[in-house]
Every structure is written in C-alpha cells, then in structure tokens.
Amino acid sequence: MLKDYKVLQVAPVVFKVLAWIGVSLGLISALVILLGGATPETPRWMGVVSLAVGVLYGFVFLVVSEGIELLLDMNNRIK
C-alpha cells in the first residue's frame, strides 16, 4: 500500500516561492549597493556578488522544487 504524501505536494510551491524571494532579495541588494549604498566597507563590486548569490539561491531552490515534483510524478506513475 502506497501512502499519499501531503506535505510533499505543497513543498514544490514553497520552494518556488523561496526561489523568487532569493532572486528578488539578491536583485534588491545589488541595486542598493550599486546605486549608491556602497561604502568603504562594502565596495560596489559586492553588488555583483550579491546578485550572483541571489541567482544561485534561486537556481538551487528551483532545482529542489523540480526534484520534488519529479519524485511525486514517479510515485503517481507507480500507483
């Protein structure tokens, strides 16, 4: 007997939201740093780093979301 995984059905949506939040925060922080928020402690090139980290977080969370969806599809095909 196979179980229905209720939490795993919600998890892809949560990870997609987290992905967009990560990309958005990376973009916002990059814009703040690049457009005038740079100080001697945080040079302007850190804006590019912040954007890259935000995109990386978004990519990782999207991959996790797709992986969970793949597992759910495999589970549905077995049933």
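**Entry: S50**

I looked up S50 and found it in helix α2. I take helices as DSSP runs of H or I with at least four residues, and strands as runs of E with at least two, numbered from the N terminus. The model is predicted, so I keep in mind that local features need pLDDT of at least 70, that side-chain atom pairs count only at pLDDT 80 or more, and that totals for chains, interfaces and linings use all residues. Residues are numbered from 1 along each chain as its sequence is written, and side-chain values use heavy atoms, with hydrogens and water left out.

Is S50 buried or exposed? S50 has a relative accessible area of 18% and is buried. The cut-offs are under 20% relative accessible area for buried, over 50% for exposed, and partly exposed in between, with a 1.4 Å probe and protein chains only. I then listed the contacts of S50, leaving aside neighbours within four places in sequence: G26, S29 and A30. Contact means heavy atoms within 4.5 Å.

**Entry: S65**

S65 is also a residue of helix α2. I read a relative accessible area of 0% for S65, so this residue is buried. With neighbours within four places in sequence left aside, S65 is in contact with P12, F15 and K16.

I went on to L72, which lies in helix α2. L72 counts as buried because its relative accessibility is 15%. Which residues does L72 contact, leaving aside its neighbours within four places in sequence? I noted L8, Q9 and P12. I also looked up L72 and Y57: they are 15 residues apart in sequence, and their C-alpha atoms are 23 Å apart in space.

M74 is in helix α2. Its relative accessibility is 44%, so M74 counts as partly exposed. From M74 to F59, 15 residues apart along the chain, the C-alpha separation is 22 Å.

**Entry: aromatic pair**

I counted ring pairs and got one aromatic pair. The rule covers rings of Phe, Tyr and Trp (its six-membered ring) with centres within 6.5 Å; planes under 30 degrees apart are stacked, over 60 edge-to-face, and the rest tilted. The pair is F15 with F61, and it is tilted, at 5.9 Å centre to centre and 35 degrees between the planes. F15 belongs to helix α1 (residues 6-37) and F61 to helix α2 (residues 45-78), so I recorded a link between distant parts of the chain, 46 residues apart. F15 is partly exposed at a relative accessible area of 23%, and F61 is partly exposed at 24%.

**Entry: whole chain**

How many helices and strands does the chain have? I found two helices and zero strands. The C-alpha trace spans about 60 × 15 × 15 Å along its principal axes. The radius of gyration is 18 Å, whereas a compact globule of 79 residues would have one near 12 Å. That radius is taken over C-alpha atoms, and the globule rule is 2.2 Å times the number of residues to the power 0.38.

Buried residues make up 19% of the 79 residues. Of the contacts between residues at least 6 apart in sequence, 71% join residues at least 24 apart.
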